[in-house]
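Reader: I would like to learn how to read a model like this one, feature by feature. Please show me the entry before we start.

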Amino acid sequence: DGTAPPALEVRDVTVRFAGLTALDGVGFTVEPGSVHALIGPNGAGKSTCFNVLSGVYRATSGSVRFGDAELTGLPPHRVAALGIARTFQNIALSPHLSVRDNLMLGRHRLTRAGFVAAGLRLPSARGEAARHSGRVAEIAAFAGLADLLDCPVGLLPYGVRKRVELARALCVEPRLLLLDEPVAGMNGGERRDMAGLIVAVRESLGISILLVEHDMGMVMRLADTVTVLDFGRRIATGPPERVQDDPEVVRAYLGA
Ligand code: ADP
Ligand code: MG
């Protein structure tokens with residue numbers, strides 16, 4: 001590939017539910033090829049923001065752009081077709097199917113959406129299945145799953161299943177990955193493996209990452225830029241070291 005992903009620009013996004021403003025004029029930019037973390041106390045609006053970006057919720061006002069493409073108001077499959085993939089906080093894999101078949105299902109979304117990534121040449125009808133399963137095997141190897149392709153997902157440890165989910169998101173050849181708490185519920189070793197995989201996704205594949213994560217050590221280690229939300233408002237954006245010491249951020253986290 002080699003072409004940088006476009007920037008994701010979130011501009012002045014407001015989301016109102018009955019009687020509650022979940023996001024209040026929030027804006028930030030995910031720079032091409034960067035890891036951007038979205039943090040904040042419970043109820044700050046992080047999941048709402050993810051749901052707006054992936055087309056699950058519609059913003060009350062404001063806009064979201066991905067390069068030249070306007071995402072505002074697009075349904076999830078159209079957002080996916082533009083090269084934005086997400087994982088869910090709770091795993092959404094088919095437990096009875098093998099790792100390979102779960103990844104092939106992820107791949108199927110790509111064909112259905114008709115999205116053709118730069119560098120992915122249009123396969124001939126005959127070569128299509130072989131091409132897809134070849135790419136699936138490559139992605140599995142990248143995610144450390146090469147020896148587990150035939151294993152039913154339901155038999156795998158939690159930390160490995162989370163890596164299968166990330167691999168499945170990679171199967172749509174995204175240029176931006178939205179990760180919702182990728183290390184939640186993991187033990188130390190699993191966290192290290194996932195962190196290594198996230199670094200590799202950014203550095204080897206050049207994919208931009210927007211990360212919601214509660215583990216501050218993980219955020220400090222992985223993120224180039226951090227945006228902090230509190231009660232639906234953006235209270236800080238900047239490099240992790242600076243945001244960590246921001247008085248308003250400290251206040252939000254201490255609840256003072
Ligand atoms: P976070 O992910 O940062 O914990 P959320 O985005 O889940 O926060 O929630 C932000 C606020 O919006 C909360 O007060 C939550 O109760 C509210 N909220 C989220 N989704 C809905 C919804 N579908 N309907 C009504 N209120 C919602
Ligand atoms: Mg949430």
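Author: We go through the sheet, the core and the ligand shell in turn. Bear in mind that this is a predicted model.

Reader: In what sense do β7 and β8 pair?

Author: Take the two strands and count their bridges. Strand β7 (residues 176–180) and strand β8 (residues 208–212) run parallel, joined over five bridges. One of the bridge pairs is D180 with V212, the latter in β8.

Reader: Which residues have the most contacts inside the largest nonpolar core?

Author: That core has 66 residues, and those with the most contacts inside it are A167, L176, L177, I209 and L211. Take I209 as a case: leaving out residues up to four places away in sequence, I209 touches V35, L177, L179, I198, V201 and R202.

Reader: Why does A167 count as buried?

Author: Burial is read here by counting neighbours, with 20 or more C-beta atoms within 10 Å as the cut-off. A167 counts as buried because it has 24 C-beta neighbours inside 10 Å. The residue sits in helix α5 (residues 158–170). Beyond four places in sequence, A167 touches L103, I139, A140, A143 and L145. A167 and G144 are 23 residues apart in sequence, while their C-alpha atoms are 9.4 Å apart in space.

Reader: Now the ligand. Which residues are around ligand 1?

Author: List the shell, then ask what supplies it. Around ligand 1 are F17, L20, A22, G40, N42, G43, A44, G45, K46, S47 and T48. Both β2 (20–30) and α1 (46–53) supply at least two residues of this shell.

Reader: How many residues of the shell are nonpolar, polar and charged?

Author: The shell around ligand 1 divides into four nonpolar residues, six polar ones and one charged residue.

Terms used: Residues numbered from 1 in each chain as written. Chains lettered and ligands numbered in written order. Predicted model: local features only at pLDDT ≥ 70, side-chain atom pairs only at ≥ 80, totals over all residues. Near = placed C-beta within 6 Å. Helix = DSSP H or I, 4+ residues; strand = E, 2+ residues; numbered from the N terminus. Nonpolar A, V, L, I, M, F, W, Y, C, P; charged D, E, K, R; others polar. Buried ≥ 20, exposed ≤ 12 C-beta atoms within 10 Å, placed from the backbone. Contact = placed C-beta atoms within 7 Å. Pairing = 2+ DSSP bridges. Core = buried A, V, L, I, M, F, W, Y, C linked by C-beta atoms within 7 Å.
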